[in-house]
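I wanted to look up the ligand site and then a bit of surface.

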Amino acid sequence: MPDEMSRPLIRERGEGGGSRRLEAPTYECGAPVIGILGTGDFSRSLAKRLVASGFHVVVGSRNPKRSAALFPEEAEVTSQLEAATQAQLVFIAVFPEHHSTLVALKPALAGKTLVDVSNSLQINQAGPSNAERLADLFPESDVVKGFNTISAWTLQMGPRDGCRQVFLCSNSQKAKSSVVELCHRMGFIPVDVGLLSSSLDVENLPLHLFPPWRVPVICTLSLFIFFYLYNFLRDVLHPFVTSGKSAFYKMPVETVNVTLPSVSLVMLALVYLPGLCAAFLQLCWGTKYRRFPERLDRWLTRRKQFGLCSFFCAVLHAIYSLCLPMRKSARFQLMNAAFKQVKAGVEDSWVDEEVWRMELYLSVGIMALGLLSLLAVASLPSVANTINWREFSFIQSTLGYCALLMATLHTLLFGWDRAFDPSQYRFLLPPTFLLVLILPLAVLLGRLALFLPCVAGRLKQIRRGWEKSRHIRFVLPDEDSHNGLDDVSNVP
Ligand code: NAP
């Protein structure tokens with residue numbers, strides 16, 4: 001493996017003894033000459049890919065002699081001016097801060113297509129983009145932004161692995177079309193994102209760090225810390241403070257295991273809460289054409305991530321639960337309980353109520369996890385693309401609410417009658433499951449309220465375009481004949 005890692009991306013000229021010809025050793029007659037300015041990692045990988053796709057490649061370097069050995073022998077490595085003169089389409093594979101050093105090539109590049117592959121070091125929010133600056137430097141050339149989201153490694157792998165989409169934008173349709181064709185021949189999927197004004201977004205694309213996940217992950221971590229500390233206070237610190245009993249051994253497994261389902265259930269409730277808020281706002285406003293508050297809008301678009309975080313915690317809870325009997329502490333506790341029973345002369349420890357509670361608790365827990373797994377699978381783009389909107393909303397909404405109901409039942413069965421036991425209120429804190437249940441129960445009750453025929457009917461009307469404000473109130477001339485009541489008419 002270390003040998004594999006230390007191997008250069010492209011073998012040098014003459015290396016390896018035999019012929020180094022690629023599968024498509026000669027370029028096609030009539031194929032455009034593709035130029036690349038710069039001889040760095042990106043340039044080398046691009047040259048290899050272009051040569052393998054049957055193009056004649058001319059690479060322009062400030063020092064061609066030094067760089068030639070790094071390129072496939074089918075590629076011609078020459079001076080920057082020579083490459084710019086020969087090629088019809090030129091990739092600018094130098095860092096944007098060095099674009100200005102290429103201005104001497106302006107006459108040679110006039111009327112040609114320049115592909116700007118550059119990325120910035122930081123997300124550029126204000127603009128102008130690197131591509132726009134390049135277009136200002138070379139006003140007589142047609143600049144196309146693209147390939148910046150493709151790494152040198154992906155270029156080497158070609159269509160076999162890595163990201164295959166190439167986002168392209170340009171003010172020249174002709175130049176963009178030529179790059180689109182080039183992408184197809186290289187085995188990539190071109191995605192037209194419009195004019196060069198979109199280039200700032202394209203340049204920012206590789207710099208994002210999971211933007212839709214930020215809030216859900218922060219939410220998950222915050223809930224985890226809150227519930228962990230809450231459980232620690234009740235289950236670990238309380239026995240230590242009140243009776244000097246050390247239960248610190250519970251911290252790595254038991255406390256984590258009671259924290260995870262709490263986080264999972266609250267996160268699942270948070271998946272369905274924004275939808276309910278949106279429905280109640282629409283009912284309140286009497287229209288669907290008013291914009292939701294920005295935070296609600298963003299929350300609605302992050303529901304998938306909230307759901308996946310909930311699923312992640314549920315899976316961890318299942319694994320932790322399966323491992324509980326493996327712990328030494330569990331074995332000692334079991335043996336101690338058995339000895340105590342023998343000592344007390346108790347022969348049968350079977351408690352019917354406990355047995356039923358546990359059977360039901362496990363069964364609904366497994367069902368909840370099964371339904372959550374289905375939701376997670378259906379949220380994968382490859383699966384979601386194969387089902388229609390009705391099927392998708394049946395899985396995500398109907399089955400999602402079923403999962404929430406099952407998970408809530410699972411928690412209720414876990415709590416059983418402990419909410420009425422005063423000894424459970426340690427440090428005057430209610431049992432964790434009571435806190436956890438507030439939000440899911442509120443969501444389920446909210447959903448039930450939306451099922452009421454009068455509410456459901458009005459919501460359906462609103463979602464089909466009906467608006468309260470488009471009612472016209474009119475009073476008939478003879479008010480007395482209508483007992484003072486207004487007639488209300490809906491303008492279609
Ligand atoms: P690199 O290895 O540093 O290569 C840059 C090349 O620019 C040098 O080899 C140099 O070649 C040439 N160059 C021309 N004028 C220069 C000057 N005045 N000062 C310094 N170098 C000059 O960089 P790279 O990784 O190939 O990246 C090149 C461009 O591709 C960047 O804009 C980068 O954002 C973009 N990109 C790279 C990747 C990647 O995976 N590496 C992915 C996407 C986009 P000569 O000395 O032969 O002239």
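Ground rules before I go on. This is a predicted model, where local features need pLDDT of at least 70, side-chain atom pairs count only at pLDDT 80 or more, and totals for chains, interfaces and linings use all residues. Numbering runs from 1 along each chain as its sequence is written, and side-chain values use heavy atoms, with hydrogens and water left out.

I found a backbone N or O atom of Phe42 at 2.9 Å from an oxygen atom of the ligand. For Arg66, an N or O atom of the side chain is 3.4 Å from a ligand oxygen atom. On its own the ligand has 880 Å² of accessible area (Shrake-Rupley, 1.4 Å probe), and the protein covers 80% of that. Helix 2 (41-52) and helix 3 (64-67) are the elements giving two or more residues to the shell; helices here are DSSP runs of H or I, at least four residues.

I then checked the 23 residues around the ligand (a heavy atom within 4 Å). Thr39, Phe42, Ser61, Arg62 and Ala152 come nearest. The shell splits into eight nonpolar, twelve polar and three charged residues.

Surface entry. I noted that Phe240 sits in helix 10 (residues 214-243). Phe240 counts as partly exposed because its relative accessibility is 40%, and the class runs between buried (under 20%) and exposed (over 50%).

Conventions: Buried < 20%, exposed > 50% of the residue type's maximum accessible area, 1.4 Å probe, protein only. Polar contact = N/O pair within 3.5 Å; in protein donor to acceptor, adjacent residues only side chain to side chain. Nonpolar A, V, L, I, M, F, W, Y, C, P; charged D, E, K, R; others polar.
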